[in-house]
Amino acid sequence: MSLPPAAGDSSTGAAPADGAAPADGAPAPVLELRGITKRFGAVVANEDVDLDLREGEIHALLGENGAGKSTLMSILYGHLRPDAGEVVVGGEVVHLRSPHDAIARGIGMVHQHFMQVPVMTVAENVVLGAEPRRGVLRDRAAARRIVLELAERHGLAVDPDATMEDVTVGMQQRAEVLRALYRGARILVLDEPTAVLTAQEAEELMAILRRLKASGTSIVLISHKLREVLGVADRVTVIRRGRRIATLDAAGATAPELARMMVGRDLPDGIVKEPTMPGGAALEVRGLTVRDDRGLLAVDDASLAVRTGEIVALAGVDGNGQRELVQAVCGLRAAESGHVLVDGTEITGTGVTGATDAGLGHIPEDRRRDGLVLDFSIAENLALRRLRTPEVTRRGLLRRRRMRDTAAALIEDFDVRGGGPATPARSLSGGNQQKVSIARELACDPRVLVAAQPTRGLDVGAIDAVHRRLVAERDAGRAVLLVSLDLDEVRAIADRVLVIASGRIVAELPPTASAAELGAAMTSSGEPDPERTAA
């Protein structure tokens, strides 16, 4: 397959800016990537990529999963060295051999998967590795004071004394930003910063980025959320299959235009669903009560049913019991009381094996922790659900050739990029790891599919493909329980919407309900409203 020209894509209608030289009158760049090329064996991750960043600018970097965005930023942060090209900081060519070198040059990075010590406090995590000292001892009081002052200066609300594992994901991320600023970052790289945030937390982060920009910080923002990018970025660079397609002003761009640049084709405008006639209940949850890891009540007497041939969405503010409910349904967490049934068969207390044998598939929200064995190959990960079947094992031995053949077909079917059947899952981009997790579950032909945040971290093309796949599963007679924090996703593909608050199902609404109606139900006290809850 021939690749598009790197300098631009004439079919987009956009006039790409020169990635290496600012337009007349534009400030000189504080950072330039010139002709960056990086290969991993036969795979070309970046090919002759140019990117420049100006002082006090938010420059968004867009591309499909596996397009080479994270590789490019890993080069900038010293994790990787380019095979060709150069990095220029403040007009000087630099050789970044480690993150330490990048930090010394004023470059900070907030990774999609946070680099934190959960049992330490927020303040301790922020100063970790560069702690203020009083003589030979660490000065905890000074660390706390410094973190508070830095947080106040930049509008980053944190509790310095809270243990990291006990705070919200939003505060964990603010701590990551503070850590970079504490080390003197003038250039800040954020990799998918809103992928794990609620809508409110994402809005708060965008406000923080605007304040940082106003203070002179230069920001590279990697994101798949086009409306988010257009709302905060000054310029946008799009890369596709490792090559730069265009750099353009965000003010003159549109979401459909950027999406077309990213995937190389026009994306359909929304999902068209045929009317469905649901059958009997395939999944039933009756009076389920579940406690979280701290022993606190997370799910409180929750009941729901998902019928064959329908998608039921569970919507709510993060942390209202969704995770524990899904874990109990899928056999990952013991329920204190209540029942879970698949096609009328009780699976409560039977564990993951019992749920799987009953025909339940599970796309977990955390693909790295629960969805994959990162050190296993793609083929091995795709076979995990079928290890006890003749297709995968014979006389106790793995049928590796058949595993490879099956994996190759699924890789093509689900458009997994970045490797083949023998490639370790760890080496894939986050979005492609998610595709492997989804492919494994759907390949098992589940009767019931529980999809928890199935499009988190995916690009617009992959999101569209996943949505269509879930609708196809529904049309094939599957029962689909979708758990999502994305109200646009919920409204796009659900047939019914159940709202969870404080561990209780408080409302059932149609997908045509407005965002205001959904939001009002999601922020209720957790007491069911009989006027809004369907019988």
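Reader: In which strand does aspartate 48 lie?

Author: This is a predicted model. In it, aspartate 48 belongs to strand 2, which covers residues 43-54.

Reader: Which other aspartate has a positive phi, and where is its place?

Author: Aspartate 343, likewise a residue other than glycine, has a positive phi near 50°. Its place is in the loop between strand 16 (337-342) and strand 17 (345-346).

Reader: How is relative accessibility to be read for aspartate 48 and aspartate 343?

Author: The partly exposed class lies between the buried limit, under 20%, and the exposed limit, over 50%. Aspartate 48 counts as partly exposed because its relative accessibility is 46%. Aspartate 343 has 38% relative accessibility and therefore also counts as partly exposed.

Reader: Is threonine 247 buried or exposed, and why?

Author: Threonine 247 counts as buried because its relative accessibility is 1%, and buried means under 20%. This threonine is found in strand 12, residues 243-249.

Reader: With which side chains does the side chain of threonine 247 make a polar contact?

Author: A polar contact is read from a pair of N or O atoms within 3.5 Å. The side chain of threonine 247 is joined to that of threonine 237 by a polar contact of 2.7 Å. A polar contact of 3.2 Å also links the side chain of threonine 247 with the side chain of arginine 244.

Methods: Residues numbered from 1 in each chain as written. Predicted model: local features only at pLDDT ≥ 70, side-chain atom pairs only at ≥ 80, totals over all residues. Heavy atoms only, no water. Helix = DSSP H or I, 4+ residues; strand = E, 2+ residues; numbered from the N terminus. Buried < 20%, exposed > 50% of the residue type's maximum accessible area, 1.4 Å probe, protein only. Polar contact = N/O pair within 3.5 Å; in protein donor to acceptor, adjacent residues only side chain to side chain.
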